[in-house]
Amino acid sequence: MKARKLLMIPGPIEFEPAVLQAMGMATTSHVAPNFIEIFGNSLELMREVWKSPKGQPFIVAGTGTLGMDMAAANLIEAGDNVLVISSGYFGKRFKDILDRYGANTTLLEAPVGEVVSHDTIENELKTKQYKALTITHVDTSTGIIVDPKPIALLAKKYNTLSIVDGVCSVAGEALHQDEWGLDVVLTASQKAIGVPPGLALLMVSEKAMQVWKNRKTPIPNYYSDWTNWLPIMRAYEERKPSYFGTPAVNLIVALQTSLKIICTEGMEQRVKRHQSFATAFRAALVSINLTILPKTDTIAANTLTAVYYPEGIDGAAMNTKMSVSNVIIAGGLLPDIKASYFRIGHMGSVSANDLLAVLGALERALSELGHSFEIGKSLQTFQMEILKTNYYAIQT
Ligand SMILES: *Cc1c(COP(=O)(O)O)cnc(C)c1O
């Protein structure tokens with residue numbers, strides 16, 4: 001096991017052995033009674049994770065981008081005004097998708113490392129009737145978290161649907177879909193949900209389902225059309241066989257396994273664990289003279305951290321050195337500054353041990369490349385910070 005690799009990118013993440021074992025089971029029929037039960041359970045467990053007892057869950061084979069596509073295809077008609085609130089790469093992707101469906105989009109973009117202010121959002125909402133607004137809860141390109149709650153209140157005030165790209169947040173960051181009044185919260189399996197890539201997961205409010213039902217034009221996308229998927233989700237929840245497109249049987253068995261692990265830990269505990277790890281990890285990075293991309297701690301995500309390479313350090317060389325130490329991290333993603341920063345994912349079943357391993361490998365790499373700092377400082381800082389909390393162990 002000397003050469004085992006630690007996958008610390010913001011998705012796919014390290015998966016629980018039980019989840020991977022579930023993936024490897026003998027595939028059953030998608031209408032076998034035991035699979036119907038597993039699919040039904042998974043839909044119910046999603047409501048617990050999203051904190052959306054009233055929501056309509058969807059589990060569809062595809063990636064997070066399909067989740068975004070489904071929200072746009074089903075809720076938006078050509079000519080609808082949609083406000084895209086962006087704090088990075090994935091905000092712009094939402095605009096591209098919405099544009100493809102003929103939406104009249106307005107992009108509110110924060111400068112790198114910042115978020116769009118509530119005043120800016122409200123002033124824009126006053127200018128015309130927006131059908132929907134989109135929020136990227138955690139933008140994985142910048143490691144920035146946007147609090148969806150106050151924005152959902154603004155959306156409600158201006159009679160606008162709120163659509164949240166929660167691909168890098170659901171099951172890692174605080175989320176109360178019903179209480180906060182969020183209309184769509186979508187994610188993908190391979191991030192904090194902790195299942196190999198291949199599932200798009202959405203939770204849709206009663207209000208959004210009503211807006212969908214009342215739309216005037218047909219949905220211009222066959223695979224994404226909820227008309228095809230809603231009866232399937234309802235059937236599985238009623239524990240009845242049904243078919244539209246063959247479900248990703250093994251992935252859904254793995255999904256049930258992971259959702260059970262998440263619910264056993266409990267969302268409150270899980271969010272606190274992510275918060276305490278992220279806080280300690282950022283403090284550790286700052287202690288060795290690194291600069292975090294988000295400009296303030298309050299807008300730094302708890303599921304990943306984006307960090308600038310130190311001045312004069314060759315980023316590619318640093319990543320290679322970390323990889324030689326068997327720690328896999330991600331480079332930058334935001335086109336303008338891609339080569340100047342890196343990203344480390346710390347979501348899902350990540351442990352304090354994993355993060356100490358990352359800091360150790362990072363210190364070795366930086367030291368060899370000539371960055372000046374006190375060796376061991378980031379490990380010490382992490383330990384001091386994490387000891388202040390009780391959340392460093394996954395309670396089972
Ligand atoms: C990963 C990610 C996506 C895209 O998900 P895919 O599964 O790669 O299609 C969208 N939005 C955010 C915030 C993400 O982190």
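**View 1. Contacts of Lys-191 in the predicted model.** Lys-191 sits in a loop. Strand S9 (184-188) and strand S10 (199-204) are the elements that this loop lies between. Lys-191 counts as buried because its relative accessibility is 9%, and the cut-off for buried is under 20%. The UniProt record, an unreviewed entry, places "modified residue: N6-(pyridoxal phosphate)lysine" at Lys-191.

**View 2. The residues around the ligand.** The ligand has 14 residues around it. Thr-63, Thr-65, Thr-140, Asp-165 and Lys-191 come nearest. By class, this shell holds six nonpolar, six polar and two charged residues. Helix H3 (residues 64-75) gives the most to the shell, with three residues.

**View 3. Polar atoms facing the ligand's oxygen and nitrogen atoms.** Thr-140 has a polar side-chain atom 2.2 Å from an oxygen atom of the ligand. For Gly-64, a polar backbone atom is 2.8 Å from a ligand oxygen atom. Asp-165 places a polar side-chain atom 2.7 Å from a nitrogen atom of the ligand. Taken alone, the ligand exposes 380 Å², and the protein buries 89% of that.

View 4. The side chain of Thr-140 supplies the polar atom at 2.2 Å from a ligand oxygen atom.

Key: Residues are numbered from 1 along each chain as its sequence is written. This is a predicted model: local features need pLDDT of at least 70, side-chain atom pairs count only at pLDDT 80 or more; totals for chains, interfaces and linings use all residues. Side-chain values use heavy atoms; hydrogens and water are left out. UniProt positions are given in the numbering used here, feature names are shortened, and annotations may be inferred rather than shown by experiment. Helices (H or I, at least four residues) and strands (E, at least two) are DSSP runs, numbered from the N terminus. Buried means under 20% relative accessible area, exposed over 50%, partly exposed in between (1.4 Å probe, protein chains only). Contact means heavy atoms within 4.5 Å. A residue is near a molecule or strand if one of its heavy atoms lies within 4 Å of it. A polar contact is a pair of N or O atoms within 3.5 Å; within protein, one must be able to donate a hydrogen and the other to accept it, and residues adjacent in sequence count only if both atoms are side-chain atoms. Accessible areas come from the Shrake-Rupley method with a 1.4 Å probe; for residues, only the protein chains shown count as cover. Ala, Val, Leu, Ile, Met, Phe, Trp, Tyr, Cys and Pro count as nonpolar, Asp, Glu, Lys and Arg as charged, and the others, Gly among them, as polar. Lists of a residue's contacts leave out its neighbours within four places in sequence.
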